[in-house]
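Subject: A structure to look at, with notes

Dear colleague,

Please open it first and keep it in view while you read the notes below.

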Amino acid sequence: MMLGSVLNPINSTIISVALVPIGDALGAPTSQTAWLVSALYLATSLGQPVVGRLIDIFGPRRLFLLSTGLVGVAGIVGALAPGLGVLIAARVLLGFGTCAGYPAAMALLRSEAERTGRDSPGGVLTGLAVANQTIAVIGPLLGGLLIAVGGWRTTFALNVPLAVAAVLLGLWRLPKSAGTGESPQRGRLAAQLDLPGMGLFAAMLVSLLLFLMNLHLRDWYLLVIAAAAGAAFAVRELRAATPFIDLRVLGGNTPLLATYGRALVAYVVAYAFLYGFSQWTEEGYGLTPFHAGLVQIPMFLLAIGVSIVSGRRAGVRGKLLVGAAGQIVACLVMLTLTGQSPLWTLLLVALVFGVPQGLNNLALQNSVYFQADPERTASSAGLLRTFAYIGSMVASSATAASFGRRADTGGMHQLAWVMLGAGVLYLLLTVLDRTLAMNGATRA
């Protein structure tokens, strides 16, 4: 479960220090290399709930093995890519390939709870969060080291041995039965999958994310397409016997909807820092990719410690409030940085960001586990990642708009204001949500 769930974050963090070397090697400005970030999250935003739904029906084993095998193929394509276009295609493949890891882990956790009659996943959920944080520590540093030794192509080639290991472990350990409460029925497979609903969801999400990735009034038609596809999707799902996303259940689950909203704005801040701040430390401050990765280590080390300590405590409201406050403080400190700031101030910002990094991921994950319909655990977990990746799209668009061709200090300050606004909204969504004190997530 842990190896599969970390394939996405390791690719997310490694690319953060590879964007500048890739741009230099391929002659691409920051506004174009931002597509390497957006492409992965566009694919994953679409793929997570789709693969999650397939896992709900068929069980995690087959979907995990197929998706993880695709990660290895993407690694080969990226390592041999002749230009930016093929490299973006490789990131799309990576996005689809890493879709199964997290929903499969949540589905396995739910089925194990049903099998044993012990619904006490706190330790395992904390373990998943810590595993992701640990990989996040290694990612930037490993990326900088790989680039220093073999160039940026090695950051893609790394996926080949990781995929092989994940597939072999999946074949060895994953149960063959579904175990999530649903079984595919012959002759009704197409109805169970709700292919029209999936198609409309894809049209809505792709058009929305394409607009977010390059915000401009000339692309207004993308919003029209998204709205039309969204309306058609809602009509379809309300009428379908076995909908792809049960809007009736989801619409009546206010706590879960609030969790998705918090995830969106929380990850705007998190991903803007991960990519925008990293690019500024290289181009605006003058660090090498390896040293830029080292600067982020305090954040992830503290996040691991925070996850371990807070994972032992019940309740999520306190975690969310402190996480929101941490984001706001870190953004305010970013506004004080310049190209002449002492190195310790960069480390201080990373350290402050470690608190919300450790708290928010764990609290949001635990909330979904307890708030979601048990028979749709995997697809609900996939939707959490979808909202998180929509947040990453907003962050990527804000980063590209703030920096333009070069990640200078003025652009970093502009990005910090965007992050601050998202952090304040996250705090308001938490303070005003009274269901946090009443729903099952308080047990997490």
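Predicted model: local features only at pLDDT ≥ 70, side-chain atom pairs only at ≥ 80, totals over all residues.

Residues are numbered from 1 along each chain as its sequence is written, and side-chain values use heavy atoms, with hydrogens and water left out.

The protein chain has 18 helices and 0 strands, where helices (H or I, at least four residues) and strands (E, at least two) are DSSP runs numbered from the N terminus. Of its 444 residues, 59% count as buried, a word that stands for under 20% relative accessible area, with exposed over 50% and partly exposed in between (1.4 Å probe, protein chains only). The accessible surface of the protein chain comes to about 16,900 Å², and 69% of that belongs to carbon and sulfur atoms; such areas come from the Shrake-Rupley method with a 1.4 Å probe, and for residues only the protein chains shown count as cover. Among contacts (heavy atoms within 4.5 Å) with a separation of 6 or more, residues 24 or more positions apart account for 85%.

Turning to the helix pairs, H15 (residues 317-334) and H18 (residues 409-431) pack at an angle of about 160°, with their axes 9 Å apart. Axes here are lines fitted to C-alpha atoms, for helices over the stretch in contact, and angles run from 0 to 180 degrees between N-to-C directions. H15 and H18 are therefore roughly antiparallel to each other, given that angles over 145 degrees count as roughly antiparallel, under 35 as roughly parallel, 65 to 115 as roughly perpendicular and the rest as oblique. H15 passes H18 in a left-handed crossing, which is one where the near helix is turned anticlockwise from the far one by less than a right angle, clockwise being right-handed. By class, this contact of H15 with H18 has 15 nonpolar, 5 polar and 1 charged residues, where Ala, Val, Leu, Ile, Met, Phe, Trp, Tyr, Cys and Pro count as nonpolar, Asp, Glu, Lys and Arg as charged, and the others, Gly among them, as polar.

The axes of H13 (residues 254-284) and H16 (residues 343-371) come within 10 Å and cross at roughly 155°, so H13 and H16 are also described as roughly antiparallel to each other. The contact of H13 with H16 has 17 nonpolar, 7 polar and 1 charged residues.

For H2 (residues 30-58) and H3 (residues 60-79), the angle is about 140° and the axes are 7 Å apart, which makes H2 oblique to H3. Val51, Leu54, Ile55 and Phe58 of H2 make this contact with Pro60, Arg62 and Leu63 of H3.

Leaving aside neighbours within four places in sequence, alanine 350 is in contact with Phe273, Val295, Gln296, Pro298 and Met299.

Threonine 409, which lies in helix H18, is buried as well, with a relative accessible area of 18%. Not counting residues up to four places away in sequence, threonine 409 touches Trp280, Gly284, Leu337, Thr338 and Gly339.
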